[in-house]
Amino acid sequence: MTDTHDLLATFDKKNLEYLKEFRFDAQTFVQLRDELEKGLFTQARNFIDAKLEPTQPGDIMDWPQEGSEAQRRGQEAIDAGEVGVVILNGGMATRFGGVVKGVVEALPGQSFLELKLKDVGRFGDKVGIFLMNSFATAQDTKGHLEDHPLNIRMAMQSISVRVKPDGEPFRKQDGELAFYAPGHGDIFSSMAACGDFQTFKEQGGRYLFVSNVDNLAASLCPKVIGAHILGGKQVTAEVAPRYPGDKGGAPVRVDGRVAIVEGFRFPADFDNDALPVFSTNNMVMNVDVFTENPPLTWFRADKVVEGQSVVQFERLMGEITSFADSAYLHVPREGDEGRFLAVKTPDDLQGHQEELTRRFR
């Protein structure tokens, strides 16, 4: 196995300082790249090795009615200052042109982040607000929100180094290392390392609602918070009706236990369209779930950078359902209470203008 010190010795001082600033896990990186170099980390390793079955009646909770106990209990928790919001804002936005998506205008004069914060602002100062940024988004995000009236806390995602398929660190045409943010599974260690999050817990914070910056339908909703509380689990994952052709993660029975499995982990002969719902990547979690070293799996993600094949090692948030006691809430996809409106490309944004205008008018 490569010695960690020997590998780091190949990086210049500037790189090392940058990696340290963003919590680079050198030991894990060396272990994973060694496995790749030895041919042990193939794409097939991503596939899940278990008996997979569709969910059964009773595995997924129904959407609460208006005026329900869930809605009442969720509003009480928000009013009591027990609820925080985390916006996942660290992605590289490769399908959106590599920009910092959160600061892009989603509606004229209003960015993705401003619309997300406008939603949380409905509850005044009762809700703790956290942004999980990465090295790629932190500076632009801070500048964009410098004069924002809400108290916004920043949690910093870790960083890693792209490698070639043979395990060698990849360098761009200018000779610099190519960095990346290693997936939204980073949320657990990133929040655990955030001093403001620890203060939130000490002051009575009990629950965090997590959503992507580009899902503008993922509002803070008392019904969702209350359903989580009444369900009594550590984690509640939102799931929405699946349409033909939808990809991504979904709850399935894995050796008899329900968990979210990402789409790329399903075997080639698995029928995704047989699954009735998919994961929106909106989750409510108890604060004790956010620990420094959750037992998440490292996956292989193959990318193309400057015309060359590279490999990234990533972890995904939804896999926490494999380890934590979890519930699944069936949420509306469309309509006034719809909770899935993801914008992955500029064309998506253009196509959603009418719906966004209606929601945020």
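Trainee: In this predicted model, how many bridges join strand 2 to strand 9?

Mentor: Strand 2 and strand 9 run parallel. Leu-88 stands opposite Asn-212 in strand 9. The bridges joining strand 2 to strand 9 number six.

Trainee: Which way does strand 13 run against strand 9, parallel or antiparallel?

Mentor: Strand 13 covers residues 277-286, and four bridges join strand 9 to it. Within this pairing, Phe-209 stands opposite Val-284. The two strands run antiparallel.

Trainee: Why is strand 9 largely enclosed by the rest of the structure?

Mentor: Look at both sides. Tyr-207, Phe-209 and Ser-211 point one way, while Leu-208, Val-210 and Asn-212 point the other way. In a regular strand, side chains alternate between the two faces of the sheet. Strand 9 is largely enclosed because six of its six residues are buried.

Trainee: Which element gives the largest share of the lining of the largest cavity?

Mentor: The lining has 13 residues, with Lys-116, Asp-119, Val-120, Ala-218 and Ser-219 nearest the centre. Strand 2 (83-88), helix 5 (112-120) and strand 9 (207-212) each supply at least two lining residues. The largest share is four residues, and it comes from helix 5.

Trainee: How many residues of that lining are nonpolar?

Mentor: The largest cavity holds about 70 Å³ of space. Its lining includes two polar and two charged residues. The nonpolar count is nine.

Trainee: How many charged residues line the second largest cavity?

Mentor: About 30 Å³ of space lies in this cavity. Its lining includes Glu-262, Arg-265 and Glu-319. Four lining residues are nonpolar and one is polar. The charged ones number three.

Key
Residues are numbered from 1 along each chain as its sequence is written. This is a predicted model: local features need pLDDT of at least 70, side-chain atom pairs count only at pLDDT 80 or more; totals for chains, interfaces and linings use all residues. Side-chain values use heavy atoms; hydrogens and water are left out. On a 1 Å grid over the protein atoms alone, a cavity is a set of points where a 1.4 Å probe fits but cannot get out, and a pocket is an open set with protein on both sides within 12 Å along at least five of seven lines; lining residues have an atom within 4 Å of a point. Grid points are joined across faces, edges and corners, and a volume is the space filled by probe spheres set on the points. Ala, Val, Leu, Ile, Met, Phe, Trp, Tyr, Cys and Pro count as nonpolar, Asp, Glu, Lys and Arg as charged, and the others, Gly among them, as polar. Buried means under 20% relative accessible area, exposed over 50%, partly exposed in between (1.4 Å probe, protein chains only). Two strands pair if DSSP finds at least two bridges between them.
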